[in-house]
Amino acid sequence: MASPNTAPLRSLPQAAARLGVTVKCLRGWVYRRKIGYVKIGRSVRISDQVIQEIIDRGTIPAIEQ
């Protein structure tokens, strides 16, 4: 996986769409520092690595029967 310094960066609307949450929700996570982000001037960007980590943390494996 790419390091945080080389991972592609997504805008908040792009990241929110990938995660299936609203931009307002994502802004709240950024404001409360619940997720890592990159500031470029006034813009906030989320790396693909951070997005994937959020998905991985929330993934619950199936119970094999």
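A residue counts as buried when its relative accessible area is under 20%, and as exposed when that area is over 50%. By this rule, 29% of the 65 residues of the protein chain are buried. The structure described here is a predicted model.

## The chain as a whole

The protein chain has three helices and three strands. Read from the N terminus on, these elements follow the order β-α-α-β-β-α. The C-alpha trace spans about 50 × 25 × 20 Å along its principal axes. Among contacts in the chain with a separation of 6 or more, 54% join residues 24 or more positions apart.

Helix α1 covers residues 12–19, and its buried residues are Leu12, Ala15, Ala16 and Leu19. These residues lie on the same side of α1, because they cover an arc of only 100° around the axis. On the face of α1 turned away from the buried side are the exposed residues Pro13 and Ala17.

What do the buried residues of α1 pack against? Their partners are β1 (9–11), α2 (23–31), β3 (43–47) and α3 (48–58). After α1 comes Gly20, which has a positive phi near 75°.

## Leu12 as an example

Leu12 lies in helix α1. Leu12 counts as buried because its relative accessibility is 5%, which is under the 20% limit. Leaving aside neighbours within four places in sequence, Leu12 is in contact with Val23, Leu26, Arg27, Val30, Val44 and Ile46.

## Ser11 in strand β1

Ser11 belongs to strand β1. Is Ser11 buried or exposed? With a relative accessible area of 17%, Ser11 is buried. If neighbours within four places in sequence are left aside, Ser11 is in contact with Val44 and Arg45.

| Helix pair | Axes come within | Crossing angle |
|---|---|---|
| α1 and α2 | 9 Å | roughly 105° |
| α1 and α3 | 11 Å | roughly 25° |

Angles from 65 to 115 degrees count as roughly perpendicular. The axes of α1 and α2 cross at roughly 105°, and these helices are therefore roughly perpendicular to each other. In this contact, Leu12, Pro13, Ala15, Ala16 and Leu19 of α1 meet Val23, Leu26, Arg27, Trp29 and Val30 of α2. By class, the residues of the contact of α1 with α2 are nine nonpolar, no polar and one charged.

Angles under 35 degrees count as roughly parallel. The axes of α1 and α3 cross at roughly 25°, so α1 and α3 are roughly parallel to each other. The crossing of α1 with α3 is right-handed. Here Ala15, Arg18 and Leu19 of α1 meet Ile51, Gln52, Ile54 and Ile55 of α3. The contact of α1 with α3 is made of five nonpolar, one polar and one charged residues.

The lists for the two contacts can be read side by side. Ala15 and Leu19 of α1 are among the residues that meet α2, and Ala15 and Leu19 are also among those that meet α3. Both residues are on the list of buried residues of α1.

Which residues of α2 are buried? They are Leu26, Gly28, Trp29 and Val30. The elements that cover the buried residues of α2 include α1 and β3.

Arg33 follows α2, and its phi is positive, near 55°. Arg33 is a residue other than glycine with a positive phi. Its place is in the loop between α2 and β2 (38–40). Arg33 counts as exposed because its relative accessible area is 67%, which is over the 50% limit. Gly20 after α1 also has a positive phi.

Key: Residues are numbered from 1 along each chain as its sequence is written. This is a predicted model: local features need pLDDT of at least 70, side-chain atom pairs count only at pLDDT 80 or more; totals for chains, interfaces and linings use all residues. Side-chain values use heavy atoms; hydrogens and water are left out. Buried means under 20% relative accessible area, exposed over 50%, partly exposed in between (1.4 Å probe, protein chains only). Helices (H or I, at least four residues) and strands (E, at least two) are DSSP runs, numbered from the N terminus. The arc is that of the directions from the helix axis to the C-beta atoms. Contact means heavy atoms within 4.5 Å. Axes are lines fitted to C-alpha atoms, for helices over the stretch in contact, and angles run from 0 to 180 degrees between N-to-C directions. Angles under 35 degrees count as roughly parallel, over 145 as roughly antiparallel, 65 to 115 as roughly perpendicular and the rest as oblique. A crossing is left-handed if the near helix is turned anticlockwise from the far one by less than a right angle, and right-handed if clockwise. Ala, Val, Leu, Ile, Met, Phe, Trp, Tyr, Cys and Pro count as nonpolar, Asp, Glu, Lys and Arg as charged, and the others, Gly among them, as polar.
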